[in-house]
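Trainee: Please walk me through this one. I have not looked at it before.

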Amino acid sequence: MHSLIDTHCHLDFPEFADDLDAVIKRAFAAGVDRIITIGTSLGSSRAGIELASRYPNVYATVGLHPTSIGENTPEFIGELKELAQHPKVVAIGECGLDFYRLPDDDKPDLVETAFGSITLSGIETELRIDSLKAAQAAAFEQQLELAAQLEKPVVIHQRDSWNETFDLLKQYSVKAVLHCFTGGLAELSEVLALGHHVSFSGIATFKNAADVRAAARVVPADRVMVETDAPYLAPVPHRGKRCEPAYVRLTTEAIAKERGVSFESLARTTTANAERFFGLR
Ligand SMILES: [Zn+2]
Ligand SMILES: [Zn+2]
């Protein structure tokens, strides 16, 4: 029987609250014998550790997602460092830059103040965007620094921020995976030049993702991993429904087909890479 590792999902999210046992059972039945649940905030990181303690084949990461930076105290990095000591914590992250979900410049933002509501002008919105980007970058750098210090790998979230992500990544001596890789060949070659890995999600099965498949065809066999990012991004034919770790098989099959290798052979490759990258035995 093949072995697969879902290197990135969110088992602590409310979408799994009612049937997590069944979800994990279905994953094992599909040959997904290890699952890495990813922290997005301090609360989520703690919840992930708790799940990893409960399920022998579940591992956790601890991190602060760029869209969650508002939820945490300035002391978050000290707490992450403490959480990272847990024996089942295999990486720092997910962390990074997400410039997709920033306030929209076209729509003026209504802001409630003590004097009633005011509308932010274009300039004010721009200032707010700049300060949000700076806050994301600061939290990202703190986590890169922590990963370097603890010699743990880093799981990186990137959206609409390739250049800025590469600029920061270059400054730290870490080993990283660009999770849910959505770039094309240009971004792939930059990731490879920096010595990092990519991980493909269900997006690789989407009709409109030819760029991502082009990258999946040529990525060297020692740099590729697979994930679901469940509960999001369910691969075809489940697209649009709740995703779960068992579906990592569908993404692996699709990429194997692109690469002209057997499913079993790609499963062996991606599993060996994940074991080495995350230090799983
Ligand atoms: Zn992400
Ligand atoms: Zn994620």
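Mentor: One term before the rest: buried means under 20% relative accessible area, exposed over 50%, and partly exposed in between (1.4 Å probe, protein chains only). This is a predicted model, in which local features need pLDDT of at least 70 and side-chain atom pairs count only at pLDDT 80 or more, while totals for chains, interfaces and linings use all residues. Residues are numbered from 1 along each chain as its sequence is written, chains are lettered from A and ligands numbered from 1 in the order in which they are written, and side-chain values use heavy atoms, with hydrogens and water left out.

Trainee: Is Arg26 buried, partly exposed or exposed?

Mentor: Arg26 is partly exposed, because its relative accessibility is 38%.

Trainee: What does the side chain of Arg26 meet in a salt bridge?

Mentor: The partner is Glu244, at 2.7 Å from N to O. The two sit in distant parts of the chain, 218 residues apart: Arg26 in helix 1 (residues 20-29), Glu244 in the loop between strand 10 (224-226) and helix 8 (248-259). A salt bridge is a side-chain nitrogen of Lys or Arg within 4 Å of a carboxyl oxygen of Asp or Glu. Helices (H or I, at least four residues) and strands (E, at least two) are DSSP runs, numbered from the N terminus.

Trainee: And Glu244, buried or exposed?

Mentor: Glu244 counts as buried, since its relative accessibility is 4%. Glu244 also forms a salt bridge with Arg242, where the closest N and O atoms are 3.5 Å apart. Arg242 has a relative accessible area of 27%, so that residue is partly exposed.

Trainee: Which residues are linked in that network of salt bridges?

Mentor: Asp19, Arg26, Arg242 and Glu244.

Trainee: How many salt bridges does the structure hold?

Mentor: Twelve. Another one is between the side chains of Arg213 and Glu258, at 3.9 Å from N to O. That pair also links distant parts of the chain, with Arg213 in helix 7 (residues 210-218) and Glu258 in helix 8, 45 residues apart. Arg213 counts as buried because its relative accessibility is 17%, and Glu258 is partly exposed because its relative accessible area is 28%.

Trainee: Changing topic. What coordinates the zinc ion (ligand 1)?

Mentor: Glu94 (OE), His157 (ND1) and His179 (NE2) coordinate the zinc ion (ligand 1), at 2.0 to 2.1 Å. His157 lies in strand 7 (residues 154-159) and His179 in the loop between strand 8 (176-178) and helix 6 (185-193), so this pair ties together parts that are 22 residues apart in sequence. Donors are N, O and S atoms within 2.8 Å of the metal (3.2 Å for Na, K and Ca); water is not among the atoms, so sites may look incomplete.

Trainee: How are the donor residues spaced in sequence?

Mentor: For the zinc ion (ligand 1), the spacing is E-x62-H-x21-H.

Trainee: How far apart are the zinc ion (ligand 1) and the zinc ion (ligand 2)?

Mentor: They are 3.4 Å apart, and Glu94 coordinates both.

Trainee: What else does His179 touch?

Mentor: Beyond four places away in sequence, its contacts (heavy atoms within 4.5 Å) include His8, Val155, Ser199, Glu227 and Asp229. The side chain of His179 also makes a polar contact with the side chain of Glu94, at 3.0 Å. A polar contact is a pair of N or O atoms within 3.5 Å; within protein, one must be able to donate a hydrogen and the other to accept it, and residues adjacent in sequence count only if both atoms are side-chain atoms. His179 is buried, because its relative accessible area is 6%, and His157 is buried as well.

Trainee: How many aromatic pairs are there?

Mentor: Five. Among them, Phe181 and Phe200 are edge-to-face, 5.9 Å centre to centre with 80° between the planes. Phe181 lies in the loop between strand 8 and helix 6 and Phe200 in strand 9 (residues 197-200), so the pair ties together parts that are 19 residues apart in sequence. Rings of Phe, Tyr and Trp (its six-membered ring) pair if their centres lie within 6.5 Å; planes under 30 degrees apart count as stacked, over 60 as edge-to-face and the rest as tilted.

Trainee: Are Phe181 and Phe200 buried or exposed?

Mentor: Both Phe181 and Phe200 are buried. With Trp162 and Phe166, they form one aromatic cluster.
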